[in-house]
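Biologist: I would like to go through this structure with you. I will ask how you know each thing.

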Amino acid sequence: MLAGLAWRNLWRHPRRTVLNVISIAFASLVMVFLLSFQLGTYATMKENILRMLDGFAQVQPAGYKDNPDIRKVIAHPNKILKRLQTVDGVGAAAPRARSYAILSNGEKSVAAAVVGVDPVLETHVSRLNHSIRKGRYLQGNDQAVIVLGSSLARNLHVGVGDHVSMLGQARDGSVAADVLTVIGIFHTGTPDVDRQFAEIPLARFQTSFVMDSAVNLLVLSGPTLAGVTHALPRVRKALANTHVQVYDWQQLQPGLDAAISLDLNTSMLWYVSLVVVVVFIILNTLLMSVLERTREFGVLLAVGMRPSLLGRMIWLELSLLALLGLALGMLIGGGATLIYSHVGINMPGAETFFAQWGLPGKLYPRLSLLSLSAGPGVLAICILLAGIFPYRRVRRLEPVAAMRSA
Amino acid sequence: MKRCNWILLTTLVSVLSPVIARAADPDPTQLIQQAFDNWRGKSSYTEVSMTVHRPDWERSMSMLSWTRGDDDSLVRFTAPAKDAGNATLKLGDAMWIYNPRLSQILKLPASMMAQSWMGSDFSYNDLAKANAILTEYTHKLIGKQQQDGHVVFTIEALPKPQAATVWGKQIVRIRDDGVLLGEDYYDQDMQLVKAMQTRKVGPLGGRPYPVVMTMQKADKKDEWTRIQFSQGHFNLKLPNSLFTKSNLRNPRKFTFGGSE
């Protein structure tokens, strides 16, 4: 009965109600869409950056992360790889050995991170093979070959088919030296990677750097970042007695994590402002309508309606208004997000800026339960809390005084 | 009258003696120069072994080293067999590396200068910029003490304004006869990074010499590098062709030209 009354009251001023519904709907629409867009961008950023090289998680010897010394190794990687295969959620794992070495061509020499990778397993954890611009990526039976970043190749003045000398320090302290043929050149768009990163076959690396069958780290990947992250406690359990450390993506890319938190915190300020503004607009019209209807409330009280019931009615009007607006906003916002999550949003002119965060020129919002409900949820709570003001006002009304008011 | 003179003299001496003693403090810059002269003379030829020690691992290398003036040097490894033939040539600030397996010379990129040299606790910078302490730093005598019948001077070296230096501060200890006893390296935050220490002073090439030295990073007690000099000849006539890239690649047989 009360709900029906409230509903009818709402439509006694259809224009005002529609305007209120629209402002709530618009605010929640904007929040759904922007948050989806933001979270979608973060997810793309994380996955693109992590899939490029670092993987979703890594297994390393103790102390390697802070001081990546070639002599800190996982001596028997196959044992650990086998154990990792039994862990649910870890889709792929690949071994790597790495060192800092001098690459040289004639008078040109450049320091670079040289990484030995298993050409087959590596493609399951890293998308570097998709960034090859010239030549090809490493293959199973490759020997003395190397793939280089585009800037590195340019600095060395080498192209596919040219030779590069590599000079570094082997695991036993001796000099590691090798002559390698450039077989592919990749361009990732990430300047650091393109400038100082090179990959050679793991077997060749292990020979040159006297590694035997040891590697420096294992890279984990899987269908989704969240899936691998959730599997890490199980990974740690499976590797409990092996003297290795397991690192999640935040530990591998603390800068990326911090950048995302910073960006999210900054935009939170905007969301909060939006909520505050909308809530004040609603509150304003609501108080106005309560003021306007003082006479009517006086009559209702005079015919015996209890003040608490009257308060509840006002509250219900507000709730219905909010519900209507939020539902509409979530519907339109969710719909628009869904459409754009397939079509994508072009960001012309921002490609270079995006590239350093591993982002493509086109961004895709991602609709999730969180992005759909967080904004409207907060808005709903704030509106319902704001409803306390008209509620308290109505409860203080005196029937006679109220009826006499203009 | 005579007696009066005597009193005057003793008074004067007692008053002035601290002044005289202070005036006898050597110039710190000259002390460092003296240490460098003792270290390598106008030119030098030394035979050195280097041991790199790690908690679980140790490795020794032997090398021959030639220097000319403050800026130029050539180091050639002779053992172990795996590393024999590797050589480093330094001319001024530039360094080249020769590797026999590649039979090729590589110019050391600037970005590698901070990296470890042959896996030791010495960096390429320690070799390439050793005499920067003379040219890029100001020197102040901050201590003086007696040790084994010698006076040991402690000198603080701070970077000259605008000088692009590797270290924020260096503390050098030099014996009164020019023997280098130690060098501490501090970063820009004045934190000790690593320390070089003379473990043994002995005769080498007819001069007192720091024949055993260690280099150790400040935070790693069980990691160090020891260099030991077994032979040394100083102020030799070295052919100019010794310090060339072609000699780096194709070493000519080295014979002593005799001391100057």
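Modeller: In chain A, strand 5 and strand 8 (residues 197–201) run antiparallel and are joined by two bridges. Keep in mind that this is a predicted model.

Biologist: Why is it said that strand 5 and strand 8 of chain A pair?

Modeller: Pairing needs at least two bridges. Strand 5 and strand 8 of chain A have two bridges, so they pair. One bridge partner of L148(A) sits in strand 8 of chain A: A198(A).

Biologist: Which strand of chain A pairs with strand 5 of chain A in the parallel sense?

Modeller: Strand 7 of chain A does, over five bridges. There, L148(A) stands opposite I185(A).

Biologist: What makes strand 5 of chain A largely enclosed?

Modeller: Look at residues 145–149. Five of the five are buried, so strand 5 of chain A is largely enclosed by the rest of the structure.

Biologist: Which residues touch the most other members of the largest nonpolar core?

Modeller: That core has 103 residues. Among those with the most such contacts are I146(A), V147(A), A198(A) and L103(A). The largest share of the core comes from strand 7 of chain A, with eight residues. Apart from it lies another core, of 31 residues, including F297(A) and I314(A). Nonpolar side chains tend to be buried together in soluble globular proteins.

Biologist: How do you know that the buried residues of helix 11 of chain A are on the same side?

Modeller: Helix 11 spans residues 294–302 of chain A, and its buried residues are F297(A), L300(A) and L301(A). They cover an arc of only 100° around the axis, which puts them on the same side of the helix. An α-helix has 3.6 residues a turn, so residues three or four places apart point the same way. The buried residues of helix 11 of chain A pack against helix 12, helix 15 and helix 16 of chain A. Just after helix 11 of chain A comes G304(A), with a positive phi of about 110°.

Biologist: Why is L320(A) called partly exposed?

Modeller: Count its C-beta neighbours inside 10 Å. There are 17. Buried needs 20 or more, and exposed needs 12 or fewer. The count for L320(A) falls in between, so L320(A) is partly exposed. L320(A) lies in helix 12 of chain A. Leaving aside its neighbours within four places in sequence, L320(A) is in contact with A6(A), W7(A) and L10(A).

Biologist: Now chain B. What is the phi of S103(B)?

Modeller: Phi of S103(B) is near 40°, a positive value in a residue other than glycine. Most residues other than glycine have a negative phi. S103(B) is in the loop between strand 5 and strand 6 of chain B. With 13 other C-beta atoms within 10 Å, S103(B) is partly exposed.

Biologist: How do you know that N235(B) is partly exposed?

Modeller: N235(B) has 16 other C-beta atoms within 10 Å.

Biologist: Which peptide bond is cis, and what is its omega?

Modeller: The bond joining A79(B) and P80(B) is cis, with omega about -5°. P80(B) lies in the loop between strand 3 and strand 4 of chain B.

Note on methods. Residues are numbered from 1 along each chain as its sequence is written. Chains are lettered from A and ligands numbered from 1 in the order in which they are written. This is a predicted model: local features need pLDDT of at least 70, side-chain atom pairs count only at pLDDT 80 or more; totals for chains, interfaces and linings use all residues. Helices (H or I, at least four residues) and strands (E, at least two) are DSSP runs, numbered from the N terminus. Two residues are in contact if their C-beta atoms, placed from the backbone, lie within 7 Å. The arc is that of the directions from the helix axis to the C-beta atoms. A nonpolar core is a set of buried Ala, Val, Leu, Ile, Met, Phe, Trp, Tyr and Cys residues joined through C-beta atoms within 7 Å.
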